[in-house]
Amino acid sequence: MMFPEYRARRLRKSQAIRDLVRETTLTVNDLIYPLFIVEGEGIKEEVKSMPEVYRFSIDKVLEEIRSAVDLGIKAVLLFGVPDKKDEVGTSAYIRDGIIQRAVKVIKDNFPELVVITDVCLCEYTSHGHCGVVKKGQGLYEIDNDETLQLIAKVAVSHAKAGADIVAPSGMMDGMVSAIREALDEAGFMQTAIMSYSVKYCSNFYGPFRDAAQSAPRFGDRKSYQMDPGNAREAMREATLDVQEGADIIMVKPAMPYLDIIKMLRDNFYHPIAAYQVSGEYAMIKAAARLGYLDEERIMMESLIGIKRAGADLIITYFAKRVAELLQR
Ligand SMILES: [Zn+2]
């Protein structure tokens, strides 16, 4: 069909028609709200590079979650910022760790809320890497298989505390099967795994490392996170995770990797999550503050783009703002 028989503009004539033919709609059900939790009481401190994003103590995070739940948000993703760090991230899997306590209190207060926990070591290790570091002759290596044992312990401790979904983010080989096995063995057959299947070694994580105090003290994460130039490798990573028993697969970051989200959507039947990361958030905030962009509109457009690419779930620091806007 060609012009003049076909006129695409007919279906853009009015708001009502546009509403009728819209292909992708954002709803509050798509959103996962990430939260940073610190030790202490009465703490709500803003992250410098992420305006209007805060680190909360457990008492304060309950207030924040109350307001999110009132807006219809159904899921949170928790990151812990512990006081004590060591070489092997012990505070990540102790029974009274920051996340273990937070999950328990949150589930006691909001039993309906889906509580997802980040499962990694980088916030808990003194060196800031996502795994056990082996050093020798000026070189270092992240020991994959030793790390698996630790993150399996982390996952089980979160499940014990009441987490609905655990989300391993360290990009270790075999992390999903190690966690699945440990969860099942401990009786947590119903705890789901949302795997950070395709996590790129991205510079868009900068502000997050401020928030979670998890920047590596030396070296970088290139030996475990993916090279931004690779797409086919994303297929291999996602295939592995699905075979190992991941319930949800994730792409991180979102906006610079929409082609990857689309590729996974076309090739997998599992739900796909996308993480609109701290750098994506910070760019929008900064541009809006300078008056270069309209924050609300850019926020909505960036998220509709992520959903259109194929994401079923979107982790975003804008979650509350979006929910508010959708309610209006
Ligand atoms: Zn990590």
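The axes of helix H8 (residues 258-267) and helix H10 (residues 295-309) come within 8 Å and cross at roughly 35°, where axes are lines fitted to C-alpha atoms over the stretch in contact and angles run from 0 to 180 degrees between N-to-C directions. Helices here are DSSP runs of H or I with at least four residues, and strands are runs of E with at least two, numbered from the N terminus. Leu 258, Ile 261, Lys 262 and Arg 265 of H8 meet Gly 305, Ile 306 and Ala 309 of H10, contact meaning heavy atoms within 4.5 Å. The model is predicted, with local features needing pLDDT of at least 70 and side-chain atom pairs counting only at pLDDT 80 or more, while totals for chains, interfaces and linings use all residues. Residues are numbered from 1 along each chain as its sequence is written, and side-chain values use heavy atoms, leaving out hydrogens and water.

In helix H2, Ile 58, Val 61, Leu 62, Glu 64, Ile 65 and Ala 68 are buried, that is, under 20% relative accessible area, with exposed meaning over 50% and partly exposed in between (1.4 Å probe, protein chains only). Seen down the axis of H2, these buried residues fall within an arc of 170°, so they line one face of the helix, the arc being that of the directions from the axis to the C-beta atoms. The face turned away from the buried side carries the exposed residues Glu 63 and Asp 70. Among the elements covering the buried residues are strand E1 (31-38) and helix H3 (98-109).
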